[in-house]
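Reader: I would like to learn how to read a few features from a model. Could you take me through them step by step?

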Amino acid sequence: MGESTETPDEAIARMGYRTAGNGRRAEIGAARRAKSRNTIMAAAFDCYGRENGRFVRIEDICKSAGVARGTFYNHFGDLEALRYQLLEELTGEFDRAVHHMFGALENAAEQSAVAIRYYLHAAEKNRAWGWAMIHSSAPGHTFGEMVWHNSLVTIRRGVDEGLFHIPTAEIGRDILMGSVASAMVSVTSGTTSSDYPEQISEHVLMAFGMSRWAARDVSRRPLPALPAIAHDTIVIASMPALGDISD
């Protein structure tokens with residue numbers, strides 16, 4: 001058989017995962033050329049990326065960005081629309097890099113463990129990113145719609161593979177997303193041990209019905225470096241370098 005010509009993005013799409021997509025990235029790239037939009041996004045990241053950044057108003061963002069309220073509405077219909085776009089900025093390329101790693105992993109259990117650990121270690125290394133993720137997440141789509149969808153795909157695969165013993169993949173998604181969101185608060189607060197992401201991964205997998213031994217083994221394997229992809233598409237300068245999150 002000849003060598004596969006499938007791209008990494010095509011491979012993860014075949015597994016059922018969503019990414020920003022070339023068209024979406026081009027669309028975002030065009031929008032990023034608008035200086036005022038970039039200024040507003042960076043100001044929003046600054047406002048949400050603080051420990052006390054839960055309650056942010058449009059006025060707060062405009063003041064931080066140094067723009068008029070009308071300029072805000074030139075780019076965003078309301079605060080919810082801005083938060084949606086901010087989450088896409090914070091998670092889009094990061095989540096894409098995470099899923100590029102999945103093809104080299106053994107199964108859905110290892111994929112789930114690696115994803116949990118990547119996200120929590122990223123928040124540990126960059127607390128502003130962690131707080132912005134926490135404060136801008138909308139109820140029902142923790143960490144953004146794409147991450148919400150992709151977590152369900154992985155858990156459904158784990159159920160189908162007989163690794164996860166839960167009634168439905170949706171229950172597993174809610175366990176995982178709720179646990180990671182809560183753990184991210186603990187991590188960004190600086191009150192956790194260095195192996196807290198591994199502990200969370202272990203206990204989430206146990207909640208999925210895996211034995212303690214199996215969950216611990218999967219959660220304690222060496223964490224590979226993320227591929228350093230698409231740095232040029234990340235507007236938020238304080239994003240952690242993708243390749244730096246590893247053992």
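This is a predicted model: local features need pLDDT of at least 70, side-chain atom pairs count only at pLDDT 80 or more; totals for chains, interfaces and linings use all residues.

Reader: Is glutamate 202 buried or exposed? And what about arginine 216?

Author: Glutamate 202 is buried, with a relative accessible area of 1%. Arginine 216 is partly exposed, at 38%.

Reader: How many salt bridges does a search of the whole structure find?

Author: The search finds 14. One of them joins the side chains of aspartate 217 and arginine 221, at 2.8 Å from N to O. Aspartate 217 is partly exposed, with a relative accessible area of 32%. Arginine 221 also counts as partly exposed, at 23%.

Reader: Which residues do salt bridges with shared partners join into one network?

Author: Asp195, Glu202, Arg212, Arg216 and Arg220 are joined in this way.

Reader: What links arginine 173 and aspartate 174?

Author: Their side chains meet in a salt bridge, at 3.2 Å from N to O. Arginine 173 is buried, at 12% relative accessible area. Aspartate 174 is partly exposed, at 42%.

Reader: Now the cysteines. How many disulfides are found?

Author: First the idea. A disulfide covalently bonds the sulfur atoms of two cysteines. The search of the whole structure finds zero disulfides. For cysteine 47, the nearest cysteine sulfur is that of cysteine 62, 9.5 Å away. The cut-off is 2.5 Å, so this pair does not count as a disulfide. Cysteine 47 is buried, at 6% relative accessible area. Cysteine 62 counts as buried too, at 7%.

Reader: How do I read helix packing?

Author: Two packed helices are described by the angle and the distance between their axes. Take helix α8 (residues 127-136) and helix α10 (residues 169-188): their axes come within 9 Å and cross at roughly 145°. The crossing of α8 and α10 is left-handed.

Reader: Which residues of α8 and α10 meet?

Author: From α8 come Arg127, Trp129, Gly130, Trp131, Met133 and Ile134. They meet Met184, Val185, Val187 and Thr188 of α10. By class, this contact has seven nonpolar, two polar and one charged residues.

Reader: One last residue. Where does histidine 99 lie, and what does histidine 99 touch?

Author: Histidine 99 lies in helix α6 (residues 79-100). Histidine 99 is buried, with 4% relative accessible area. Leaving aside residues up to four places away in sequence, histidine 99 touches Ile12, Tyr17 and Asn150.

Technical notes:
Residues are numbered from 1 along each chain as its sequence is written. Side-chain values use heavy atoms; hydrogens and water are left out. Axes are lines fitted to C-alpha atoms, for helices over the stretch in contact, and angles run from 0 to 180 degrees between N-to-C directions. Helices (H or I, at least four residues) and strands (E, at least two) are DSSP runs, numbered from the N terminus. A crossing is left-handed if the near helix is turned anticlockwise from the far one by less than a right angle, and right-handed if clockwise. Contact means heavy atoms within 4.5 Å. Ala, Val, Leu, Ile, Met, Phe, Trp, Tyr, Cys and Pro count as nonpolar, Asp, Glu, Lys and Arg as charged, and the others, Gly among them, as polar. Buried means under 20% relative accessible area, exposed over 50%, partly exposed in between (1.4 Å probe, protein chains only). A salt bridge is a side-chain nitrogen of Lys or Arg within 4 Å of a carboxyl oxygen of Asp or Glu.
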